[in-house]
Amino acid sequence: MISNDIVTDQNAARDADLNADYDALGARLSRSGTDIETLTEKAMRFAVAVPSWGTGTGGTRFARFPGAGEPATIFDKLDDCGVINQLTRATPTVSLHIPWDKADPDDLLAKAEQLGLGFDAMNSNTFSDTGDAHSYKFGSLSHVSEETRAQAVEHNLECIEIGRRIGSKALTVWIGDGSNFPGQTHMGRQFERYLASMKQIYAGLPEDWRLFSEHKIYEPAFYSTVVQDWGTSLLTAQELGDKAMCLVDLGHHAPNVNIEMIVSRLIHAGKLGGFHFNDSKYGDDDLDSGTIEPYRLFLVWNELVDAEPRGLNLSHMIDQSHNVTDPIESLMISAMEIQRAYVQASLVDREALTGYQQQNDALMASATLRAAFRTDVEPILQMARVRAGGAIDPVATYRAAAYRAAVAAKRPEVLGGGGGIV
Ligand code: LRH
Ligand code: MN
Ligand code: MN
């Protein structure tokens, strides 16, 4: 990890400014009856999981341009996750993807403990072939062949088993199954096969685990997708039982879809289980959270904060691909942007908002939301980090520590190259 002396020195250079900014914001908030300390405590309790796969440079089907010091193994990836959490204090867990991250569970656990990390939801992969007997070219859990379905079920059960040994408590299932041509598949029978497979996975779930079903409108299947939207995901979760929940990946919807409303409906159904945070311009772009539509991120959090009294148990994860930035920097910034939206949403004057809604005062209702969104809560985030032992400015501290150059000297060079055939 990064030397604590560097973190201390970097913080010392910013400490006076932070205290001045924090006091000024505290005074401003107290005029409207908001206690800054309550918000800072909330920010300190906030956590979002880092995706192991996000620590390597991503790519497109055209090419991938890896940087120096790319993580070569899951243990390198965990080291990078350790740095992200050391500086932001907002990412205490990692979400693994199997078989990409397959390793001896005892070694995974030992490494994570050494870095002060835990594990969030496990992710299965039946959307690509990795040397198994049966190909997933024409689907996995919904495949027409019973052998292929059985293999996909078995893989998910193996993910649960690995997860059980490292302290994970959930499995996220996302499948690429669907079709590319009208008529290629029988959509009803395909969904029934999917449900039957999911029931087998559900049956293998430990008592204190949850099963997340993740929907996505399209890709890799371009005509129809088996779990294409939250309706299918909700049907699935309801049919499976109490431990089955829906996971919303922000990039998995058609453009302009009102995602915060989907969130509200899933909360109503008691079936919202988790998130994959990212941002999106056109589709499943996996861009850095809060970089394209920060107001939408805030509106999603507004629904979540509104529902806090219900005692939601949500798994917050990032799911991004970093093609042109240092993944560690992108993940740190993203975790902080998600945390920022959460704190801003916590600032909404809910009593006033309810009043305006009751009076059909559309203008003031919307102004109430925007007043919270416009508040610069940066001093709260910085204070939360520094009190937890993190960095006031994680990116500046990371750059000052030259971590990437240090690991580049130890890790093997990775060659870039083409993606798929274009
Ligand atoms: C699918 C997805 C899903 C996968 C991840 C790599 O697009 O969002 O969560 O597990 O990407
Ligand atoms: Mn996802
Ligand atoms: Mn995705």
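Two strands are taken to pair if DSSP finds at least two bridges between them, and helices (H or I, at least four residues) and strands (E, at least two) are DSSP runs numbered from the N terminus. The model is predicted, with local features needing pLDDT of at least 70, side-chain atom pairs counting only at pLDDT 80 or more, and totals for chains, interfaces and linings using all residues. Residues are numbered from 1 along each chain as its sequence is written, while chains are lettered from A and ligands numbered from 1 in the order in which they are written.

**View 1. A parallel open sheet of three strands, in the order β1-β3-β5.** The edge strands, β1 (50-51) and β5 (118-119), each pair on one side only. Strand β3 (residues 93-95) pairs with β5 in the parallel sense over two bridges, and Val94 has Phe119 of β5 as its bridge partner.

**View 2. The buried face of helix α8 (residues 259-268).** Its buried residues (20 or more other C-beta atoms, placed from the backbone, within 10 Å of their own; exposed means 12 or fewer, partly exposed in between) are Ile259, Ile262, Val263 and Leu266. Seen down the axis of α8, these fall within an arc of 100°, taken over the directions from the helix axis to the C-beta atoms, so they line one face of the helix.

**View 3. The loop between β9 (210-214) and β10 (224-225), with Pro220.** The peptide bond from Glu219 to Pro220 is cis, with omega near 10°. Glu219, although not a glycine, has a positive phi of about 80°, and this residue is exposed, with 12 other C-beta atoms within 10 Å.
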